[in-house]
Amino acid sequence: MADFVVTAKKLVFGGDSIAESVDNSGKVIFLPLLIPGEVAQVEIVSSHKDYDRGRIISILEPSPHRIEPVCPYY
């Protein structure tokens, strides 16, 4: 699938962030491990009637709240 650049809007139940669909279809994209305000390049992994699920390819603009993990194996 194609890659998109999105901005995470807020956290929702379950720990995912949501972003607006880039094609203005009114759908939201659920993205795990993304902090609100971060800009990321993502790809859609599954599409449903009202929402999509995506995965992060790279974080282009990290949040100031993002920290490096202490454990090198994380």
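Me: Hi! How many salt bridges does the structure hold?
Reply: Four salt bridges are present in this predicted model.

Me: What does Arg53 pair with in a salt bridge?
Reply: Its partner is Asp16, with N to O at 3.0 Å between the two side chains.

Me: OK, next one. Which residue forms a salt bridge with Lys27?
Reply: That would be Asp52, and the closest N and O atoms of the pair are 3.0 Å apart. Asp52 belongs to strand S6, while Lys27 is in the loop between S3 and strand S4 (28-31), so parts 25 residues apart in sequence are tied together.

Me: Why does Asp52 count as buried?
Reply: Because its relative accessible area is 7%, and buried means under 20%. Lys27 counts as buried too, at 17% relative accessibility.

Me: Switching to Arg55: where is it, and where is Glu43?
Reply: Arg55 and Glu43 form a salt bridge, with their closest N and O atoms 2.5 Å apart. Arg55 lies in strand S6 and Glu43 in strand S5 (residues 39-47), 12 residues apart, so the pair links distant parts of the chain.

Me: How accessible is Arg55?
Reply: Arg55 is partly exposed, with a relative accessible area of 41%. Glu43 is buried at 17%.

Terms used: Residues numbered from 1 in each chain as written. Predicted model: local features only at pLDDT ≥ 70, side-chain atom pairs only at ≥ 80, totals over all residues. Heavy atoms only, no water. Helix = DSSP H or I, 4+ residues; strand = E, 2+ residues; numbered from the N terminus. Buried < 20%, exposed > 50% of the residue type's maximum accessible area, 1.4 Å probe, protein only.
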